[in-house]
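Please open the model in your viewer and keep the selection tool at hand.

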Amino acid sequence: MRTYNPGKLTEYGLLVPVVSESTSGYIGNLEIYSGKGNKLQGTIVSILEPYLDQNYHVYQDNYYNSVVTAEYLLSRKVHVCGTIRVNRGLPPDLKEESQSLKRGETTFRRKGDILLQSWRDTCVVNMISTVHNSSMVDVQRRHGQVKKPICISQYNIVTCCAMEDNLSPRQR
């Protein structure tokens with residue numbers, strides 16, 4: 001079953017949600033999309049089933065994250081961190097406030113243990129985390145240091161390591 005995504009370079013392809021370990025790239029579980037079955041949250045829960053109730057940290061991109069999913073996974077002792085789309089549960093006042101941020105500024109809201117944070121670099125980056133607080137850390141860039149929310153810094157470290165492991169020696 002091929003899926004269509006006009007936003008991708010290769011518009012047609014297979015959709016395969018995968019749970020993998022971040023440093024080794026070892027695949028723990030996967031599910032091939034077949035055109036029917038679970039909704040998005042159901043798919044996430046089904047591939048995370050072996051890891052529920054064990055206090056794991058899961059880093060996801062904006063396709064999989066929402067406030068409702070984070071609440072459910074937190075109730076099952078799985079902590080999440082990742083980017084989030086504005087239409088997946090961000091409060092209206094946070095959306096509005098994030099549009100007026102200047103470069104390097106941040107704003108956040110909490111809903112219990114769930115942190116929703118927006119930070120502007122060249123564009124606004126929206127994050128959801130049940131792992132981190134709203135503190136900022138110094139990150140080294142080519143042209144000096146920049147203050148960045150800790151959830152973004154950790155997300156970049158985890159996702160970059162996972163992507164580097166999937167590159168061939170020629171691509172590195």
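A patch consists of residues with over 30% relative accessible area and no salt bridge, with like charges joined within 9 Å and nonpolar side chains (Val, Leu, Ile, Met, Phe, Trp, Tyr) within 5 Å. A salt bridge places a side-chain nitrogen of Lys or Arg within 4 Å of a carboxyl oxygen of Asp or Glu. Accessible areas follow the Shrake-Rupley method with a 1.4 Å probe, and only the protein chains shown count as cover for residues.

This is a predicted model, in which local features need pLDDT of at least 70 and side-chain atom pairs count only at pLDDT 80 or more, while totals for chains, interfaces and linings use all residues. Residues are numbered from 1 along each chain as its sequence is written, and side-chain values use heavy atoms, without hydrogens and water.

First, select Leu14, Val16, Val18, Ile27, Leu30 and Ile32: they form a nonpolar surface patch with about 530 Å² of accessible area together. Within it, Leu14 lies in the loop between strand 2 (12–13) and strand 3 (18–20); helices (H or I, at least four residues) and strands (E, at least two) are DSSP runs, numbered from the N terminus.

Next, select Lys148 in strand 11 (residues 144–149). Lys148 is buried (under 20% relative accessible area; exposed is over 50%, partly exposed in between; 1.4 Å probe, protein chains only), yet has no salt bridge.

Finally, select Leu48, Leu73, Leu116 and Ile128, which have the most contacts inside the largest nonpolar core, a set of 18 residues. Such a core joins buried Ala, Val, Leu, Ile, Met, Phe, Trp, Tyr and Cys residues through side-chain atoms within 4.5 Å. Helix 1 gives the largest share, 4 residues.

Methods. Lys, Arg positive; Asp, Glu negative; His and termini not counted.
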